[in-house]
Amino acid sequence: EQVKNSGLRGRGGAGFPTGTKRGFLAPATPHYLVVNADESEPGTFKDRIIMEYDPHQLIEGIIISSFAIQAERAFVYIRGEYYFGYTRLVGAIQEAKAKGFLGENIFGTGKSLHLVIHRGAGAYECGEETALLTSLEGYRGHPRMKPPFPAVEGLYAKPTIVNNAESISNIPHIMRNGVDWYKKLGTEQSSGMRVFCLSGNVKRPGLYELPHGTTLRELIYQYGGGPQDDNAPLKAICPGGISMKLLTPDKLDTKLSFEDVQAAGSLLGSAGIFVIDERASMVEIARRTLSFYREESCGKCTPCREGTGWLETILQRIEAG
């Protein structure tokens, strides 16, 4: 209820209300909690830094969340390339176990929690929650038909909650400081802070944790130092990872909230914001984007399996004149 009242929305891309998602959990036991740390969206690198530099924040969120949904086994599905993040998480789990935060009968409460870290093999598709669960079970990472949704029939056909690593990392702060404190940050429909991944043609790329109401202009000019080349004005901005529609510079005063970015014609997604200036060829950017999706297609659906290859070929022909 506290997570629902806080207005916390998923940080993985879809922005679904986290508390509402947990409310769908079927009564059948056991329940599982799965943390999606497969961060594969180009332009996004927030979960990586959480795991590398503050793994205990994530583990604390997992412990609280598992208590709330009555799960005694939790899983972190981490992207295969994140080897350093993986070693940091494994070390942090050993520290947490040594202090008694994980294991059987935690501090005499009768509650137990076992945390498993599972490394993926670098498939973009496994960032989608049902493909992630299929991969976690040891099969090829193919998405499943919904319904049933994971909250009803997820990992090993048991009720499962899949939350993004950054979503889970918000939980300790909501519990410590209260729902009202959390709701004061951000906007009415997008509460809390957000870790924005700023990259591309800016002077100071990096991660910026800011309230959801911060504008694109503030992020790029105040925090990112403005365009990389003062003689090359901005051409386009991708507001939420490469799968989101690009925005033109006239949308710079858009607030970086779920609802405002949607009103501007795109989606906030995973908050992977990259800036493109006049020096870039949009045909080349489109071709490289399609090359990525053609390479990463899981092959399940015909339009993607066949279509991305054809689209890439068309753009290669345009580039070749």
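Colleague: How many salt bridges does a search of the whole structure find?
Modeller: The search finds 20 salt bridges, a salt bridge being a side-chain nitrogen of Lys or Arg within 4 Å of a carboxyl oxygen of Asp or Glu. This is a predicted model, where local features need pLDDT of at least 70 and side-chain atom pairs count only at pLDDT 80 or more, while totals for chains, interfaces and linings use all residues. Side-chain values use heavy atoms, without hydrogens and water, and residues are numbered from 1 along each chain as its sequence is written.
Colleague: Which residue does Asp47 form a salt bridge with?
Modeller: Lys46, with the closest N and O atoms 2.8 Å apart.
Colleague: Is Asp47 buried or exposed?
Modeller: Asp47 is buried, at 1% relative accessibility. Lys46 is buried as well, with a relative accessible area of 1%. Buried means under 20% relative accessible area, exposed over 50%, and partly exposed in between (1.4 Å probe, protein chains only).
Colleague: Which residues are linked in a network with that pair?
Modeller: Arg11, Glu166 and Arg194 are linked with Lys46 and Asp47 in a network of salt bridges.
Colleague: Other topic. What does Arg176 pair with?
Modeller: Arg176 forms a salt bridge with Glu60, closest N and O atoms 2.9 Å apart. That pair links distant parts of the chain, 116 residues apart: Arg176 sits in helix α7 (residues 165–177) and Glu60 in helix α4 (residues 55–69). Helices are DSSP runs (H or I, at least four residues), numbered from the N terminus.
Colleague: And how exposed are they?
Modeller: Arg176 is exposed at 53% relative accessibility, whereas Glu60 is partly exposed at 31%.

Definitions and conventions
Helix = DSSP H or I, 4+ residues; strand = E, 2+ residues; numbered from the N terminus.
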